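Me: I have a structure to go through with you. Can we take it piece by piece?

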Amino acid sequence: MDIATTPTNPEGNPDLADAAPNPHDPPVIRREDYKPYPWLVPNVRLAFDLGIEKTAVKSTLEIARNPDAEPTSELRLDGDGLTADSVTVDGVEREWTMDGPDLLVTLPGESHTVEIVTTLDPSANTQLMGLYASNGMLCTQCEAEGFRRITFFPDRPDVLSTYSVRMEGSKAQFPILLCNGNREAEGDLQGGAHFAEWHDPWPKPSYLFALVAGDLVANSSTFTTMNGREVELNVWVREEDLPRTDHAMESLKKSMKWDEEVFGREYDLDLFNIVAVSDFNMGAMENKGLNVFNTKYVLADPDTATDGDFDAVEGVIAHEYFHNWSGNRITCRDWFQLSLKEGFTVLRDQLFSQDMQGEAVKRIEDVRILRAAQFPEDAGPLAHPIRPDSYREISNFYTATVYNKGAEVIRMMRSMAGEERFRKGTDLYFDRHDGEAATCEDFVRSIEEGAELDLTRFRRWYRQAGTPTVSVSHRVEGETLKLTLEQAVPATPGQPEKQPMPIPLRVAVHSRRKEAAGSEQLVILEDTKQTFDLPLTGPDPVVSINRGFSAPVIIDRALARQDLVFLAAHDDDPFARYEALQELAVRHLVDAASGELSEPDQVAGQEAIVGALRAILTDQALDDSMRGELMMLPSETYLFEAMAKGTRKADPGAIHEQREALKAALGGSLASELHALYDRTENVAFDDPAGRGARKVKTQVLVLAAASDPTKAAELAAHQYDRADNMTDRQGALMVLCGLEAPEREERLKAFYERYTGNALVIDKWFTMQALSLHPDILAQVGQLAKHPDFTIKNPNRVRSLYMAFAGNPQGFHSSDGAGYRMIADLILELDPINPQTAARFVPALGRWRRIEPGRAALMKAELERISKTDGLSRDTFEQVSRSLDG
Ligand code: TRP
Ligand code: ZN
C-alpha cells in the first residue's frame, strides 16, 4: 500500500491510535500519509461467468505509470480473501507474490496490460461486501473496500477508470443482467445461458462498480432532462413487490427535477436503474447508473408502510440520486474525505425533503436525529472530526458525525453566504472539480471563492471533534440588548485542546409584553467570548437564539420558566418554539432525575409544561403535523446526554421513571384537550390533505394516555388498530399497545403477525415494536423473539429490527443487573464472524459507559472487555471495542 501504516505520529499528538502496540493489531491508516497511486488504470474490462456458488472473474487492466507519483516497478493490487487462478502481463503468464491479502507483480515498462482470473463463491459471502447472493439473485456492494473481494485491484477512490463489463450466466436463473452505464449488447448462448455487455463512459473509482443478476421485474418510466434528453428509469424488484414501487419512481423523478432546479445538475446517462435487495448492510448505494437499495427504502404502499416510511423512501432515493454529482462525478481523493460526498449529499437530501415535506417539521426531525445519534457520538469515546485523522477500518467511519454533522457544517456555510451566493459556490465546485477525486479542502475553497466568504477559521469545523456549548446571557442598556455569547469546545479523544470555531446563530429579540416578534439577524460568534448589540423591540425582552437550529451546538441559557413558556407559545420561528418546549421538559426531567427538585419546584415545573402543551393543543393556527412534533417529549437518549454533564453521570432508571411520570401528569391534566383532539382527527380520511397530521397527533394522544389511563388507552388503541385502513394508524396503535399489559396487546400482535406473514419488512416492524416496548418482561421477550422461526442472524434488517431496537430501549438495555448489556455483547460476538460491519455497529451502545452511573458503567465495561479478549475479532469490531475502552 502507498498509504504508510507505521504507528508513528510526527505531530506528537496523544492520538489514541498509538496506544496499541500489539503487532497483531490491525494497522492504523493516517490521513497525513496520503500518496497518489504510482499507476494509472484508465481502462478496465471485466468478464463474469456468474453462478450462485461459483463465479469466475477475468479482469483486464490497462496500466500506465502515474507521472505525478514516485516511480516504482512494483504493482501492488488490493485483495481480500482472494487467490488468483492466473496472472498474465501483456499476454504472457507471470509470476506473482502475495503480501498478506495483496497481490504483487513487477512491471518493468511504462504501460502494460494485466489480466487476472479469480473465482468466488457468492453464496458463502455472509459479510455482504463484494459479490454476494441474496434471495436467489446476485448483487454487489463495493463501497468502501468491497471491490477487492471480487478481483485484485487498486481499490482506492482516487484511481479512476472506465469499465466495460461482460456478464454471462443461466438465462433461467438470471433473466436480468444489470451493470453500470449503458447496455451495448446482449444475446443467447449455448446451454441455456445468455450474456449482456455494459459500458460506463464516465471514469469512476472501483467502489462505484456494481452488477446485479436475477429474476426481477421493473417499474419503468422516463424523465426528460432540462436539456431535453430522455432518460429511461427502472425500479427493479421481485415480481410480488412490483405494486409497491410507484412511490419510489415518483420520488426519483422529483429528485431529478429538483436537482436541476436547485443545484443546476442534470443526469448524464440514458439509463438509471434502481434495484431493491433484501440483504443489505446499510440503506442504499449510489453505484453509477445502478443504485442498489435496501428494500426498506424502495417498497411502500399505505397498507405496509407508515407516513414516516414513505418520507424515508423519498429521502433515500433523493440521497442516492444526488450522489451522481456529489460523489460520482466528483468523488473523494481518499476515505478521510468521506464527508465531502456524504455531508454534502445529506444536506442536499435534507433541503429536498424540506421542499417536498415542509420545512419546519423536516428541520425538527433532522435535529432530532442529530441529537439522538451524533451528539452522543461526539460526547463519547468514538468522537472524531467530520474529516477523521486516522482509522483502522473505514466502515466504522460511516457515522452520524461524517454524514449528519457534515451536513450541518455545510448548512452553516449556506446560512452565512445566503442561498444565492451559496449556489455560486457549489457551481464553482462542480465546475472546477468535475471528473476529479477531490478533498474537503477543495470544497471549502470553492465555496469560499464562489460565495465570497472567508472560511479561514471556519475550517476548524473539519478538524475539531466535539459539540460546542454556547453560553448565553444578556443585559439591557437603554434601547440596546447586550448579548454575550461564550463558546466552549470540549476535549475529545486525541484532541485535549480546542480553538474557538465560528458559530452562526440566528437571533431575534422578542418583547414579552407586546407578544410581537422581533426581527431576526445572524450573529457569528468567532471568538471564545463576544458581546453583540441588538435593538430592543419592547419591554421584557426574551431572546430567541439558534433559530432554525442554525448551528449544531448546545445552547446553555438560564431562561426563566415563564420565558420558555412564552417562546413555546409565541415564537415566530417554529424550530425555536419546539426548542423552548423541549428545554422546559429537559430541564425539569434532568433536575427531577438528579433528585435536585424541591417539592414546590416539581409542581411548578410540571405546571409550566402542562400550560405550554395546553397552548399547543388548542392553538388553532397550528397544523397538526407541527402539533404532533411539539407533543413529543425529549427522548430518553437525549435526556441521558443532558444529564451526563460535567461530573454528573446519567441515571437511565431515574430518567425513565421521571419521563413516565411527566407523561402521566400531562395525560391526566390535559385529558379533555387530548380527547377533543382525538375526536377531531379520528375520522379524517387517509388521503385527505389533513390526513397525515391527523394520524400523527392521534398516536401522540395515545402515547400520553397510555401513561395516565392505561386501561382506556388500551381500549382506544385497540379500536384504532381494528379500524385502521393504513399502516401509520395500525403501527401507532400497536406500538402503544406493546407498552401495556393488556389482553388487547397479545391479540393485536398475533393479528398483525398473521396478516403480514411473509412480508419481511412488516415482520421487521413486528420484531421492532416488541423490542422497543415498555413491557416489564422485555428481556425475556427479546430472548424469545431471537428463537422465533422468523428470526435469522444472517439478514441485517432482521438483526437490526430486533437488537438495534432493543439497544435503543433504555428500560431493557439498561436493566440494572447488566442482562441487557450481556445480550448485546453476545450478539456482537455471534455476529462478528458472519457480518463484521453490522456487528461493529452495536458497539457504540456499550461505549457510553463513562457517562453513566458507576454500577452500570462497570457492567458495560466488563462486557466490552469480554469482547476485546476474544480471539479472531474482525478489524471492525476490534477497532470499535478498543476505542470504546481507551477513549
Ligand atoms: N455511500 C452509501 C450512501 O451513503 C452508503 C454506504 C457506504 C454503504 N458503505 C456501504 C451501503 C456499505 C451499503 C454497504 O448512500
Ligand atoms: Zn451517501
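**Helices**

Reply: Helix α3 is mostly covered, with 17 of its 20 residues buried (buried means under 20% relative accessible area, exposed over 50%, and partly exposed in between, with a 1.4 Å probe and protein chains only). This is a predicted model, in which local features need pLDDT of at least 70, side-chain atom pairs count only at pLDDT 80 or more, and totals for chains, interfaces and linings use all residues. Residues are numbered from 1 along each chain as its sequence is written, chains are lettered from A and ligands numbered from 1 in the order in which they are written, and side-chain values use heavy atoms, with hydrogens and water left out.

Me: How far does α3 reach from its first C-alpha to its last?

Reply: α3 reaches 27 Å, close to the 28 Å expected at 1.5 Å a residue. The expected span is 1.5 Å times one less than the number of residues. Helices here are DSSP runs of H or I with at least four residues, strands are runs of E with at least two, and both are numbered from the N terminus.

Me: Which residue follows α3?

Reply: G358 does, and its phi is positive, near 110°.

Me: S339 is in that helix. Is S339 buried or exposed?

Reply: S339 counts as buried because its relative accessible area is 4%. Not counting residues up to four places away in sequence, S339 touches F344, I386, V402 and G406, where contact means heavy atoms within 4.5 Å.

Me: Now α1. What does its buried side pack against?

Reply: The buried residues of α1 pack against β17 (217-224), β18 (230-237), β19 (271-277), α2 (307-322), α3 (338-357) and α6 (419-433). Among those buried residues are M249, L252, W258 and F263. The helix covers residues 246-263, and its end C-alpha atoms are 25 Å apart, which agrees with the 26 Å its 18 residues should span. Just after α1, G264 takes a positive phi of about 70°.

Me: What does Q127 touch?

Reply: Leaving out residues up to four places away in sequence, Q127 touches R149, N281, I834, N835 and P836. Q127 and I834 are 707 residues apart along the chain, yet their C-alpha atoms are separated by 6.0 Å. Q127 is in the loop between β9 (111-120) and β10 (130-134).

Me: What lines the second largest pocket?

Reply: It is lined by 38 residues, and I554, E641, A642, A644 and K645 lie nearest its centre. By class there are 16 nonpolar, 8 polar and 14 charged residues (nonpolar is Ala, Val, Leu, Ile, Met, Phe, Trp, Tyr, Cys and Pro; charged is Asp, Glu, Lys and Arg; the others, Gly among them, are polar). The largest share, 7 residues, comes from α10.

Me: How many cavities of 30 Å³ or more are there?

Reply: A search of the whole structure finds 3. The largest cavity has a volume of about 70 Å³, and its lining has 10 nonpolar, 1 polar and no charged residues. Here α10 gives the most to the lining, with 3 residues.

Notes: 1 Å grid on protein atoms, 1.4 Å probe; cavity = no way out; pocket = protein on both sides within 12 Å on 5 of 7 lines; lining within 4 Å. Points joined across faces, edges and corners; volume = space filled by probe spheres on them.
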